[in-house]
Amino acid sequence: MKKIFLVAVISMFAIVAAACSSDKESSSSGDGEKASSSDKPIIIKFSHVTAIDSVKGKAADRFAELVAEKTDGKAKVEVYPSSQLYGDADELDALVSGNVHMIAPSVTKMVKLDPRWQYVDMPFLFEDQDHARKFFESDVAQTILNSDQLANNDIMGLEFWENGFKHFSDNKHPLKTPADFKGLKFRAQAGKVLESQFNALNAGSATISFGETYAALQQGTVDGQENTFNNFDTQKYQEVQKYLTTSEHGRLDYAIFVNKSFWEGMPEDIRTQVEEALKEATELEWQLAADENEASFENIKNSGKVEVTELTPEERQKFVDALQPVYDEFSDDITPELLEGIRSLK
Ligand code: LMR
């Protein structure tokens, strides 16, 4: 009997001790400042929606390794890919409330806070990849990355990450001319600009989260979508889409956003090391964006499941003309300064 009592008392001590230590752990992961006062690493939760083998997935994992190396384990990035923790609908709210500390959304999804982020969807605004990169490094880009709209929501933008040009796909027939879009329905990421783009082509659209798009295409909720080669490939859209047109009509790029209070609460030396890691990961990410999109395009062509249409300059011009109404409707929202700023970097 005495023995049982002793075992019970020891077990209770063990449970109380474990609870105390897990309390410490959760406080160290919730706030950079508190974390500095314990031996536990600062946990930076980084949530994203793409696959681990996507451009963003690979770069996020490399960033986590670099942070561990540079801070000597004092900070640890926990990466949650594939909408595992939060999807399109809630990752921004999770960042604002501090439930995650870092996200890397396709910038158009920031439309909830600032309509200017839809610059990325304005048809044929960017000439080529160099043009997009010049923009990332420009003062024009910094104005939107450091805007009051973000600061007022306790968010900071740190770096631009790249994916690439979007291409249209569907499963009804080849999309060679604007007239081929009539009556089809497409999945859109977010915002009114994309809705207007599909309207201009006499097509319908539905905003569907990235995590639900494969099922929507498979079940015929929508006929088509628009994305980069790499997202198409790593989401296995070859299985649910028959036709792809290399339209390069808009961009899909990312920015790294952090919860401002968390970020500023980190000890300065660690924050500097994390920033260095992010700079290095960003260089790698840009390289990955180019290489992986090229490799994915080959995969798509070699899959034998997708008929690829490449547009001639004349065919492309027909899309440029057909999508002009999007500028009439949205230039004021995106702002003439931002649009002209981007054009001037061509
Ligand atoms: C999409 O929703 O299609 C993309 O924004 C996904 C991503 O993060 O690349």
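This is a short tour of the structure above, stop by stop, with something to select at each one.

**Before you click**

You're looking at a predicted model, where local features need pLDDT of at least 70, side-chain atom pairs count only at pLDDT 80 or more, and totals for chains, interfaces and linings use all residues. Residues are numbered from 1 along each chain as its sequence is written, and side-chain values use heavy atoms, with hydrogens and water left out.

**Stop 1: the whole protein**

Switch to a cartoon view. The protein has 15 helices and eleven strands. Helices (H or I, at least four residues) and strands (E, at least two) are DSSP runs, numbered from the N terminus. Of the 346 residues in the protein, 52% are buried. Buried means under 20% relative accessible area, exposed means over 50%, and partly exposed is in between (1.4 Å probe, protein chains only). Now think about contacts, meaning heavy atoms within 4.5 Å. Among contacts between residues at least 6 apart in sequence, 75% join residues at least 24 apart.

**Stop 2: the aromatic rings**

Select Trp117, Tyr119, Phe126, Phe135, Phe136, Phe160, Phe257 and Trp286; together they form one aromatic cluster. The rule for a pair goes like this: rings of Phe, Tyr and Trp (its six-membered ring) pair if their centres lie within 6.5 Å, and planes under 30 degrees apart count as stacked, over 60 as edge-to-face and the rest as tilted. By this rule there are 21 aromatic pairs. Zoom in on one of them, tryptophan 117 with tyrosine 119: the pair is tilted, at 6.5 Å centre to centre with 45° between the planes. Tryptophan 117 has 0% relative accessibility, so it counts as buried. Tyrosine 119 is buried too, at 1%.

Next, select phenylalanine 229 and phenylalanine 297. Are these rings stacked or edge-to-face? They are stacked, because their centres are 4.1 Å apart and their planes are at 10°. This pair links distant parts of the chain: phenylalanine 229 is in helix H10 (residues 229-234) and phenylalanine 297 is in helix H12 (residues 268-302), 68 residues apart. Phenylalanine 229 is buried at 11% relative accessible area, and phenylalanine 297 is buried at 12%.

**Stop 3: charges over rings**

For a charge to sit over a ring, NZ of Lys or CZ of Arg must be within 6 Å of the ring centre and within 35 degrees of the ring normal. For another case, pick arginine 251: its charged end sits over the ring of phenylalanine 165, 4.6 Å from the centre.

**Stop 4**

Colour H14 (324-334) and H15 (336-343), then click threonine 335 in the loop between them. Threonine 335 isn't a glycine, yet it has a positive phi of about 85°. At 18% relative accessibility, threonine 335 counts as buried.

H14 and H15 pack at an angle of about 100°, with their axes 6 Å apart. Axes are lines fitted to C-alpha atoms, for helices over the stretch in contact, and angles run from 0 to 180 degrees between N-to-C directions. Angles under 35 degrees count as roughly parallel, over 145 as roughly antiparallel, 65 to 115 as roughly perpendicular and the rest as oblique. So H14 is roughly perpendicular to H15. To see the contact, show Tyr327, Ser331, Asp332 and Ile334 of H14 with Pro336, Leu338, Leu339 and Arg343 of H15.

Now bring in H8. H8 and H14 pack at about 170°, their axes 10 Å apart, so H8 is roughly antiparallel to H14. Here Lys192, Val193, Ser196 and Gln197 in H8 meet Val326, Glu329, Phe330 and Ile334 in H14.

Click serine 196, which is found in helix H8. Which residues does serine 196 touch, not counting those up to four places away in sequence? They are Val326, Glu329 and Phe330. The C-alpha atoms of serine 196 and phenylalanine 330 are 9.0 Å apart, although 134 residues separate them along the chain. Serine 196 is buried, at 6% relative accessibility.

**Stop 4**

Asparagine 202 has a positive phi of about 60° although it is not a glycine.

Finish at asparagine 152, in the loop between helix H7 (148-151) and strand E4 (155-165). Is asparagine 152 buried or exposed? At 64% relative accessibility, asparagine 152 counts as exposed.
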